[in-house]
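Subject: Structure handover

Hello,

Here is the structure for you to look over.

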Amino acid sequence: MVFFSSCRVSSPKLCGSVIFVTKKQQQCVVTIANRCITSKTMREGLPPVDKPPPFPYKEKRYNFFRALFDPTTSRLDENSKLIVVEGPPAAGKGVLAKELADDLGMAYFPSPTVAENYINDYGYDVRQLDDQLPESCKSYDENDFLKDPMRLNGSKAARFQLSKLALRYKCYLEALAHILNTGQGVVMDRSPYSDLVYITAMAEVGIVSKNVYNYYHSVRNNALFALWRPHLVIYLDVPIAETKRKIEARNRPYEKDSKMATPEYLQSLVDSYKKDFLKDISTHAEVLVYDWTKPANTEIVVEDIERVNFDQYGVYDAKMKDWRCYDKWDWNNNRQVFTHSQHYLLAHLNVPPVRCPEIVISGTDNKILETVMEEAPGNKYAKGFNAEMGDKGILFKLS
């Protein structure tokens, strides 16, 4: 169990230890909420709140003229929060996150996978083209990682984990955009902030080199500053032996016999969660930690969430500082950036690997990759502009 300064353990009715990092209550100047999250059960029977409907940010652009009549704060309420569920493999993060989202009336964002990323906008699986690619450019998804983490001396695993960081970063941007455009809170299964525990464990068991580890952190440090940290992190603490048993029980291909399921790797993962991730994120977010050896009733977790006062911190407190804006235009500007400038923020992940040649793909191999991918069905142009895939009215489309 991890404990931080100024913490207390919650009431005995909880299934496990719950950590609240507390400070002297101060008055916040600009916040997005009214103290506590409330569940759908708590809101039953109350009159509906008069606020604008969700903005269709995926179809329309939020610009200055729309901002004049559609201020971001008009949709935000006590449930406009970002919650992240964390824990070791097979802990039950996805199940809990989905149930919490349903009970709290929030959106559920599952953890993205590399395998999904190999399916293009038209449903074509580019992994079918592997036989045309050099070894360094062939697909390498979660099953490949579990089956052979040492492929090409670990360089495939290194690029795989950097891809996972990028996917989680993009998913997190989508979560921020969703909250600011709809007012609906989000519950996520893992985040880019906790992704470092995997590269740490991989380095400690010898899958990646110290060189790769250092490069990963240079990428992470160059990118995470642009995001807003979550309001709440829920960590499911499971003993290593129980984690191993759950991995064997769910019987996923290649997982139970993988190097990723050894006690040494799992211990490194959990140690990094507690020493690196939880210690750091607790400086900003509220943290609840549960003994999840035996999963508890989701209603218990919901009750604990409802007790957390997110509005107790002042303008000079480090807690919740990312979610304090100067005025309504600061909110509007951040909404525009997280919604329509994601490609600029994702560019922060592009740190030249000058001192990390292990992850570099040669120019010759990269040229082959570009040629093959461009010729894949639906890859030549952006979605909606590929006539060979049945797209119509291309000459009249502006975007």
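Patches are built from residues with over 30% relative accessible area and no salt bridge; like charges are joined within 9 Å, and nonpolar side chains (Val, Leu, Ile, Met, Phe, Trp, Tyr) within 5 Å. A salt bridge means a side-chain nitrogen of Lys or Arg within 4 Å of a carboxyl oxygen of Asp or Glu. Areas are Shrake-Rupley values with a 1.4 Å probe; for residues, only the protein chains shown count as cover.

The model is predicted: local features need pLDDT of at least 70, side-chain atom pairs count only at pLDDT 80 or more, and totals for chains, interfaces and linings use all residues. Residues are numbered from 1 along each chain as its sequence is written, and side-chain values use heavy atoms, without hydrogens and water.

Negative patch: Glu204, Asp271, Asp276 and Asp280 form it. Asp and Glu count as negative, Lys and Arg as positive; His and chain ends are not counted. Each charge is placed at NZ of Lys, CZ of Arg, CG of Asp or CD of Glu. Helix H10 (residues 263-281) gives the largest share, three residues. Helices are DSSP runs (H or I, at least four residues), numbered from the N terminus. Asp280 lies in H10. Asp280 is partly exposed, at 44% relative accessible area (buried is under 20%, exposed over 50%, partly exposed in between).

Nonpolar patch: Phe64, Phe65, Leu68 and Phe69, with about 520 Å² of accessible area together. Leu68 sits in helix H2 (residues 64-69) and is partly exposed at 41%.

Cysteines: the whole structure has zero disulfides (sulfur pairs within 2.5 Å). Cys171 is buried at 14%. Cys325 is buried at 5%.

Best wishes

Notes. Helix = DSSP H or I, 4+ residues; strand = E, 2+ residues; numbered from the N terminus. Buried < 20%, exposed > 50% of the residue type's maximum accessible area, 1.4 Å probe, protein only.
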